[in-house]
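Subject: Structure for your review

Dear colleague,

Please find below the structure that I am handing over to you.

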Amino acid sequence: MPPTRSRATRSAVPEQLGFAGMPERLFVCTPSKLGAYTDCPRRYRYSYIDRPVPPKGPPWAHNSLGASVHTALKNWYSLPAERRAAEALPTLLKATWVREGYRDVDQERAVYRRALDWLESYVATLDPEDEPLGVERVVAAKTAVLALNGRADRIDTRVGEAGPESVIVDYKTGRSGLSADDARGSQALALYAFAAERMFRRPCRRVELHHLPTGTVVAHEHTEESLARQVRRAEETAQDIMAAEKAVAAGADPDTEFPVNPGSLCGWCDFRKVCPAGAEAAAKDPWTAVEHLSPAPGVGGQAG
């Protein structure tokens, strides 16, 4: 007899009815969805298949920080050009500030000040008169396998040798510095470029990572061939996911079809407590990734 499956898993992987010769359904996805499977198939299952979704751990301060900064920049571009100045940033950041995950109020205030410094330094490098092609813009495209969509932080318009071109800009607020290899190897940026090129019907080959903490920009110029390679990788991942889903629907063990990938990321996983392999990893405090931005507990003079 096949292994017994949970009711939650059965309901999450419905069998598709069809007829002989019916084409395979497209796999609807975002770059982050594909990335979740690549990082750990078990985490993908917890996030996208099991219903109800297993309980997650507490919010992460670094996610709150990143969301706050991204939204502040989005709203900065929503202002009329004459109001896009550093003086607008404190109000914008306060309005978008996400307070979850910090150790205490002192840490939160210290991180807020650091984020404001980053934003003020960054917008000083921007021309307020420039109007991006898109800010927090959803781009979408289809292939023989994928129905892809994703939200790009910013899509710039620049003039290249052949005329107007689109450029994908992605903001980063993490601690680590970036290199050109990070831009070259990012599947998410490549998929954004692939989709933007088709949506706007103009070349989109340049992708950029803007690291706000250091003020650095790293970039990569894709070719048609390198974008095609990234799309093929994404299609292969999607096919692996669909094969695993079909196997589970046919009675296979979900833990076998969506195996855990234990490693350094386990301590940061939202599902660490419900995953047997993850539970063995040392837990990270929700504020661990922003500790370098704030004073140690008990150190005064930072709040205000």
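Cys 275 counts as buried, at 7% relative accessibility; buried means under 20% relative accessible area, exposed means over 50%, and partly exposed lies in between, with a 1.4 Å probe and protein chains only. This cysteine is placed in the segment after α10 (254-257). Helices (H or I, at least four residues) and strands (E, at least two) are DSSP runs, numbered from the N terminus. Which residues is Cys 275 in contact with, leaving aside its neighbours within four places in sequence? They are Arg 42, Tyr 46 and Val 260, where contact means heavy atoms within 4.5 Å. Cys 275 and Arg 42 are 233 residues apart in sequence, yet their C-alpha atoms are 8.3 Å apart in space.

Please note that this is a predicted model, in which local features need pLDDT of at least 70, side-chain atom pairs count only at pLDDT 80 or more, and totals for chains, interfaces and linings use all residues. Residues are numbered from 1 along each chain as its sequence is written, and side-chain values use heavy atoms, with hydrogens and water left out.

The protein chain as a whole

The protein chain contains 10 helices and 6 strands. Of its 304 residues, 43% are buried. The chain exposes about 16100 Å², and carbon and sulfur atoms supply 51% of that area; accessible areas come from the Shrake-Rupley method with a 1.4 Å probe, and for residues only the protein chains shown count as cover. Among contacts between residues at least 6 apart in sequence, 69% join residues at least 24 apart.

Helices α5 and α6

Two packed helices are described by the angle between their axes and the distance between the axes. The axes of α5 (residues 89-96) and α6 (residues 105-123) come within 10 Å and cross at roughly 130°. That makes α5 oblique to α6. Axes are lines fitted to C-alpha atoms, for helices over the stretch in contact, and angles run from 0 to 180 degrees between N-to-C directions. Angles under 35 degrees count as roughly parallel, over 145 as roughly antiparallel, 65 to 115 as roughly perpendicular and the rest as oblique.

On the α5 side, Leu 89, Pro 90, Leu 93 and Lys 94 take part in the contact; they meet Tyr 112, Ala 115, Leu 116, Leu 119, Glu 120 and Val 123 of α6. The residues of this contact divide into 8 nonpolar, no polar and 2 charged. Here Ala, Val, Leu, Ile, Met, Phe, Trp, Tyr, Cys and Pro count as nonpolar, Asp, Glu, Lys and Arg as charged, and the others, Gly among them, as polar.

Backbone features

Most residues other than glycine have a negative phi, and most peptide bonds are trans. Glu 136 has a positive phi of about 50° although it is not a glycine. This glutamate is found in strand β2 (residues 134-142) and is buried, with a relative accessible area of 18%. Arg 201, also not a glycine, has a positive phi near 55°. Arg 201 is found in the loop between α8 (187-200) and β5 (206-211) and counts as exposed, at 77% relative accessibility.

Where is the cis peptide bond that involves Pro 52? It joins Arg 51 and Pro 52, with omega about 0°. Pro 52 is found in the loop between α3 (41-48) and α4 (61-78).

Yours sincerely
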